[in-house]
Structures are given as C-alpha cells and as structure tokens.
Amino acid sequence: MDALFVSRSLDEIRFWSRIMKEHALFLSLGFTYEDKELIEEAKQFIRVFEQIEQQLSTYTIHTDPQLIKKFNSQVYQAAASIWAFKRKVLGLILRCKIRSNNYALLVDHTSREAAYFAKRLKELNEGKLKPLPEAIIKENVFFLKIMADHAKFIGHLLDPSERKLVEQAREFSYDFDQLLYQAIDLDSMSPQSETRPILNQFLDGNRVSVVSLRNFKKTARDLIEECKIKSNIHPLLADHVFREAERFLHIIDVFEASLKKAN
C-alpha cells in the first residue's frame, strides 16, 4: 500500500502541477495592461509550481511515504492558494472590477480543477487509494463538465471564419452537456445506480465520446502548431486541453479495471 500511495501521489502532482502552472500563465496573458498586480500574482504561481516540479523530480516510487505525505500537504497548500486566487479573479470579473480577456467560465473552470487537485491530495493523505463505486459517477460528472467547457472554449476562440471547426466544437459541446446531465441524473439515483452493469455501460458510453473529442483536440492542436488555422488559441492551451482528455481516458481505464476486479 505504501508503494501505491507514493506512486499515486507522484502521478497526481506530476500531472496537476503542470496544469496549475499553465493556468497561471493563461490567466496572466488574459489580463489587461492595467492589471499589473494580478499579472504579477499569476506569475508568482508559475514560480511556485515550477519549484514543486523541481522538488518532484527528486522523488521516486522508493521515496519514504512519510516524506511524500508531507510533500502532498505542501502541494495542497499551493493548490488551495491558487484556487483562492482564481475565485478572487472570478469575483472581480463578475463585478466588472476588471475587464479581463479571460472568460468568467474559464476562470471558474480552472478553479474547479484546482479544487479537484487539492481534494485528491487530501484523499491520498487520508489513505483513500482505491476507486469506490460512488466515486466513479462523481468523477465522471467532474470530467464531463470539464470536457463540455473545453468544447465551448474552443468554439469561441476559433476564428469565426473557421466555420467547420466551430460547428464541430458546438456539436461536442452539446454531446458533452447531454452526457453531463445523464451523469448528474445517475448521481441523484445513487447508491441504487451503483451496479456493475450500469457503471460499465456508463463508462463505455463516456469513453466513446471522450475518444472522439480527444482526437478532435489533437487535430486542432496540430493545425494550430502548424499555423494552418485561424484562432486565438495559444498552442500550449491546445496541448493543455488535449492532455486533460487523455487524463480522463486514463481515469476511465482505472475505473473499468476496478470494476473487473470486483467481479
């Protein structure tokens, strides 16, 4: 169990610290020239998560679990701090205190991911390593919302003249909204809905749609990197959303494996 705790902890921090660092970069790029203090605060978070990544590189699966537990607590504080920063920025946008180029939904989106990261670290330190049936539905609710948001952001950040890609993004947005509502319905039926046949079908259906979206994101990322389409999407943002789709597919794999073991 110690080895599993260490490997899971390092995996979560490796993935989500990079995501948090990139969030800070994207937010800094979205502020206007007048928002110097917010830009500097965002840049401070870039440095914080770069330091975490450097520290992470010194650990392996053989590192003392107690040391990793302390590291989890340290990273938890950083995740909680960037969550608070994002919520502050969201409040400023919604009260029209700043005129940011960051969509309110995007800032909310990034704050949900920070909250998720902090929660995962807390759960790991509490010894919650194995996926539970009730976690399968809730985790999918979280990631389906993330995927639906991504489709909306892509649709709005593509140049309007990229009509075919914009339409595809809208179709993905609709598809994932429907999957999200279905997952929310399933969650409201818990625990009675937590049967293996229902959960297996639920995961299978989500996988098909996530694979399609992942492939769309990969195509868009490659086209953006090669300057073949017109958009306001930063190449790093295109890769960022692609990696999150890959992460969702990995989590579906973990859940399906856990259901098979339970048979």
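Trainee: Does Lys 230 count as buried, exposed or partly exposed?
Mentor: The classes go by relative accessible area: buried is under 20%, exposed is over 50%, and partly exposed is in between, with a 1.4 Å probe and protein chains only. Lys 230 has 43% relative accessibility, so it counts as partly exposed. Before we go on, this is a predicted model, where local features need pLDDT of at least 70 and side-chain atom pairs count only at pLDDT 80 or more, while totals for chains, interfaces and linings use all residues. Residues are numbered from 1 along each chain as its sequence is written, and side-chain values use heavy atoms, with hydrogens and water left out.

Trainee: Where does Lys 230 lie, and which residues does Lys 230 touch?
Mentor: Look in the loop between α7 and α8 (235–262). Helices here are DSSP runs of H or I with at least four residues, strands are runs of E with at least two, and both are numbered from the N terminus. Contact means heavy atoms within 4.5 Å. Leaving out residues up to four places away in sequence, Lys 230 touches Leu 158, Asp 159, Ser 161 and Glu 162. The C-alpha atoms of Lys 230 and Asp 159 are separated by 5.4 Å, though the two residues are 71 apart along the chain.

Trainee: How do I read a helix pair, say α6 and α7?
Mentor: Start with the axes: they're lines fitted to C-alpha atoms over the stretch in contact, and angles run from 0 to 180 degrees between N-to-C directions. Under 35 degrees is roughly parallel, over 145 roughly antiparallel, 65 to 115 roughly perpendicular, and the rest oblique. Helix α6 (residues 163–188) and helix α7 (residues 196–225) pack at about 160°, with axes 11 Å apart, so they're roughly antiparallel. The crossing is left-handed, a term used if the near helix is turned anticlockwise from the far one by less than a right angle (clockwise is right-handed).

Trainee: How many residues of each class make that contact?
Mentor: Ala, Val, Leu, Ile, Met, Phe, Trp, Tyr, Cys and Pro count as nonpolar, Asp, Glu, Lys and Arg as charged, and the others, Gly among them, as polar. The contact of α6 with α7 has 12 nonpolar, 4 polar and 1 charged residues. Phe 172 and Phe 176 are among those on the α6 side, and Phe 202 and Phe 216 among those on α7. Phe 172 and Phe 176 are also among the buried residues of α6.

Trainee: How do α2 and α3 cross?
Mentor: The axes of α2 (residues 36–56) and α3 (residues 65–94) come within 11 Å and cross at roughly 160°. That makes this pair roughly antiparallel too, and the crossing is left-handed. Their contact, which includes Phe 45 and Phe 49 of α2 and Phe 71 and Phe 85 of α3, has 15 nonpolar, 3 polar and 2 charged residues.

Trainee: Which residues does a cis peptide bond join?
Mentor: Ser 190 and Pro 191, with omega about 0°. Pro 191 is in the loop between α6 and α7.

How values were computed. Expected span 1.5 Å × (residues − 1).
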